Amino acid sequence: MLRGLYTAASGMLARVLQQERLAGDLANVNTPGYKASRNVTEAFPELLLSRLDGTGAPVVGPLGTGTVVAEPGADMRPGPWVTTGRPQDLALEGDGFFVVMGPGGPAYTRAGNFTVGPEGYLQAPDGSPVLDTTGQPLLVGSAQFTVRPDGQVVGGDAVLGTIARVTFANPAGLRRVGDNLWQATPESGPAVPAATPVRQGVLEQSNVDPVQVVVAMLANFRAFEAAQRAVQAQDQTLGLAIQEVGRVT
């Protein structure tokens, strides 16, 4: 009976965590390049019960022990594009990521809403410099520049550098860092240089569908209520058992 309480409580906890992730998606519906979370729940390892009467009777069957939220993933499908006309706004036409130098080393993003810092370096909104194909911050200066589809940045008649683009064998294995940056993991594999075309004056928007998120939040809330009722039923049954046993003794 106590196991039933723990099982139902684990379902409630999983729904709370899922609701937090859905709320995070909804908060980032207007964040350029944001990728919606994918919530996965899975069962705890099943237990096999066997009769312990010493007769060697066969296993009586599996017993679930609740649910747990797996490592969160993300929906890596591209978001819709919007034309801004800003020369610093860039978008990738296909698979791949821009490379920026984050606090813990290289990080990857689909968000191309870059700016030019006070020292003339192209940078992400949080100030992380955008890297070129040599692994160095890309210096564009204060003058107008053009980004060619092959990633070359041209200012006047000079080539200032080439914007780095990378892909991964398994993008779903990337780990989210903050809202809009990603780091490589053993599951994603190492970053591989890519030739993904770059579009200037265009931004990739969030791929969150707010209608789907709201529907998922309602379904998640219903599931939480069901687990809550299961806990209450287990609690009432346990209370009755204690009272009845006490009355018999």
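1. Which helix holds V211? V211 is found in α2. Helices here are DSSP runs of H or I with at least four residues, strands are runs of E with at least two, and both are numbered from the N terminus.

2. On provenance: this is a predicted model, in which local features need pLDDT of at least 70, side-chain atom pairs count only at pLDDT 80 or more, and totals for chains, interfaces and linings use all residues. Residues are numbered from 1 along each chain as its sequence is written, and side-chain values use heavy atoms, with hydrogens and water left out.

3. Back to V211. V211 counts as exposed because its relative accessibility is 58%; the exposed class starts over 50%, buried is under 20%, and partly exposed lies in between (1.4 Å probe, protein chains only). V211 lies 9.5 Å from L26, C-alpha to C-alpha, although 185 residues separate them in sequence.

4. The second largest pocket has a volume of about 270 Å³. Its lining draws two or more residues from each of α1 (2–27), β1 (37–38) and α2 (210–248). A pocket is an open set of points on a 1 Å grid over the protein atoms alone, where a 1.4 Å probe fits, with protein on both sides within 12 Å along at least five of seven lines; lining residues have an atom within 4 Å of a point. Points are joined across faces, edges and corners, and the volume is the space filled by probe spheres set on them.

5. Which residues lie nearest the centre of that second largest pocket? They are D25, A36, S37, Q212 and V213, from a lining of 15 residues. The lining divides into five nonpolar, five polar and five charged residues. Ala, Val, Leu, Ile, Met, Phe, Trp, Tyr, Cys and Pro count as nonpolar, Asp, Glu, Lys and Arg as charged, and the others, Gly among them, as polar.

6. Now the sheet. Three strands form an open antiparallel sheet, ordered β13-β14-β15. Its edge strands, β13 (146–147) and β15 (158–162), each pair on one side only. Pairing requires at least two DSSP bridges between two strands.

7. Two bridges join β13 to β14 (residues 152–155). V147 stands opposite V153 in β14. The β13 and β14 hairpin has four residues between the strands, and G151 there takes a positive phi near 90 degrees.

8. Four bridges join β14 to β15. Q152 has T162 in β15 as its bridge partner. This hairpin has two residues between the strands, with G156 at a positive phi near 70 degrees.
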